[in-house]
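Dear colleague,

Here is the structure I promised to pass on.

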Amino acid sequence: MLRLAWRRSASINSIVEPPLLVTAAFRDTTPPHKSNLGARIRLFQQFPHPPSLRSPPLSPTQQLSHYPRSSPFMSMASGGEGPPSTPPRHTNRLSKERSPYLLQHAHNPVDWYPWGHDAFNKARSEDKPIFLSVGYSTCHWCHVMERESFEDEDIGKILNENFVCIKVDREERPDVDKVYMTFVQATSGGGGWPMSVWLTPDLRPFIGGTYFPPRDHGRRPGFKTVLFRIIEQWQNNRSNLESSGDRILEALKKGTTVAAHPGESPPLAPDVACRCFQQLVRSYEEEYGGFRDAPKFPTPVNLMFLMSYWSVNRSTSEGVEALQMAIHTLRMMALGGIHDHIAQGFHRYSTDSSWHVPHFEKMLYDQAQLAVAYITAFQVSGEQFFADVAKDILLYVSRDLSDQSGGFYSAEDADSIPSSGGSEKREGAFCVWTASEVRQLLADVVEGASGSATLGDIFMHHYGVKELGNVAPEQDPHEELQGQNVLIVRYSAELTAARFGITVEMVNELLASARAKMAEVRKTRPRPHLDTKMLASWNGLMLSAYARVGAVLGDKALLERAELAGHFLKEHLWDAGMQTILRSCYRGDQMEVQQISPPISGFLDDYAFVICGLLDLYEATLQTEWLQWAEELQLRQDALFWDAPGGGYFCSDPSDGTVLLQLKEDQDGAEPSANSVSASSLLRLSQYTGRQGWLQRSQQLLAAFSDRLTNVPIALPEMVRALMAQHYTLKQIVICGQRDSPDTKSLLDAVNSLFLPHKVLMLLDGNADGFLCQRLPALSSMTQLGGVATAYVCQDFTCSLPVTDPQELRRLLLDGHVGTQAE
């Protein structure tokens, strides 16, 4: 019985108590040391009548209910959408932007500027400090602060008269967000969105915080009070503000440096992988899977590492444990409420340890990574259940997050207007159900079921629907889910069948029918806000998902969707003339794809994730045009972001003078680090192109992150996978045959049925002048045996004897040892 208990606890260290505002230490002339930078920050010590900005400690429930979280523990919701019922009183420059988040602030009385030289020049010419506000369109506390403060006429007047106000969508400008979030986190020990930072006219931060209520509340200052204090300090204590901010910035530059020491090599992969595994074991929650107790996040990077660790440690108890941890976590998530059982896809995270009550937002990057994790679980376990979940995710993305151009939208919000009426949006309103709704919709008596059970009886039993709702009060701090049910699989199909005296096949048919009826009802409800911004990086992640799931399942429709996404990226997010990826594009009012002028140039993650997606697309379709473009993009990524002295890639173009910190992301979090992904892509590309310089570059990158990999590999599980690939070396699997012939397909199916994290797949179709034969002349000696599709497996300059039988190829790949025929 899958009895998922009611349990909940909060990660206190990960939650920020707003209003959190930190200042540079106005009178402290000692440069802060990077190891205890936060200790040298004082909270408003020089302001008149300074209140305490921290109240007595809150319980975990209070913390989660009242305050924005530090990344990624933030609460999210949508702002207003659609045309206003009356003409707006105010319109600012953001009305000309395309970002949904910026457009949500286009009618504030605040004289907002987008990030750019117009705002910078105004600040310099008028010698005013800059107020920088950063958020995104599905951020709950961002919109709370907008309604409370940025729509307030008095606050707008204060801001306009004393500051140059800049609004930034963190998803459009991750470079800006990372710099100032680094400042806020270093000076306060936490962060979150909305992020509020005050800068000098030359963009140097001196005060930072998160959300502020509009008025003083107890001992907490309101936003208006904060503004007056900053104005007073800017006028009377400016030199100390600026000098202290400069000291902190210089300390951050030193403290965030990631670089290899001269002659340094990457750490030993087996040792690092073992340490990463042990660190994950210590944080693993055995009952429901996942890591830590609550709130609980999917963390696909951890799950992919565990399955990769198993792949090279299959015969050990540690390897078996790693696989069990990954499989159990994926199973429990799929059965839990974090998985949308009616309309597919996964919500952002679970507020409890049993994956029951989620934060209902859906992000594109989660769907992409989870689809890959689930199809990998299918490869290693053979259980159709995991393949079905992967297809389920892509069904949701195809239906609800896809643009007709082939691109993918960014997110769906957590909050929406309840179907019962009212204008106030509520968390999960689009997704939850009352018992009476279920009973009324599924009222038909099921023939043959014991006790004259209705379809509703069976459904409610299976999915844990209760008459008074199944959400515990401590999981509903805002009382938005009272009487509501979040669907969660409580029993297996076998137990439900036994309970009602019917067959398992009948249970599955009945539940599928019930879900379809409920999905039709969901369509009639007011939908959550949809962020229709299309980002190159997240589209690259989703490209990988469609390519990999399509290849494993041999699903032509999924592969066609993957190719459509590849063409979208090349048509709308690639400037061939400037040889530049573009960060984002947008859905226009007529459903056309629009771009802002000038467009935002791509960042490291845009290049890294698209390159990885193209390599996956090549292996899924074996069309070399994608391989060629991946090579072109990698050369461009190297030219723009590579740190030649220190190794590794900067997150943004180091020539951009408006970005004050040149950072290298050193954590695989909600998204993998672009450096982690690049370390693997460089290896793969070296095998496809014969460019040994890319192999060396991957080694230099890994050496730059040696300290992090050695001491806290759990922070970089995706990079540990790349380090393992370096150590175990990649297999080249070469199939000689005609692309569409049945014998070629059989060999490809054998390869795709297996999880082989350390391989590259190639097709030779007899064209001696093709891309691969030109780059790798040794391939020209490989031919079909007797006119039949033939496979060669090569590793460390040694190739296997050719094989033509798919089962023999599987055995060869599973054995892990290549034969003795010299290349």
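This is a predicted model: local features need pLDDT of at least 70, side-chain atom pairs count only at pLDDT 80 or more; totals for chains, interfaces and linings use all residues.

Residues are numbered from 1 along each chain as its sequence is written, and side-chain values use heavy atoms, without hydrogens and water.

The protein chain has 28 helices and 23 strands (DSSP runs, numbered from the N terminus: H or I of at least four residues, E of at least two). Of its 823 residues, 61% are buried (under 20% relative accessible area, 1.4 Å probe, protein chains only). Take contacts (heavy atoms within 4.5 Å) between residues at least 6 apart in sequence: 71% join residues at least 24 apart.

Now the nonpolar cores (buried Ala, Val, Leu, Ile, Met, Phe, Trp, Tyr and Cys joined through side-chain atoms within 4.5 Å). The largest holds 181 residues; Phe 305, Tyr 374, Phe 459 and Leu 809 touch the most other members. Beyond neighbours within four places in sequence, Phe 459 contacts residues including Ile 342, Leu 442, Arg 515 and Met 518. A second, separate core has 61 residues, among them Leu 94 and Phe 163.

Last, helix α23, residues 692–704. Its 13 residues should span 18 Å at 1.5 Å a residue, and the end C-alpha atoms agree at 19 Å apart (expected span: 1.5 Å times one less than the number of residues). Trp 694, Ser 698 and Leu 701 are among its buried residues. Their cover includes α21, α22, α24 and α25.

Best regards

Conventions: Buried means under 20% relative accessible area, exposed over 50%, partly exposed in between (1.4 Å probe, protein chains only).
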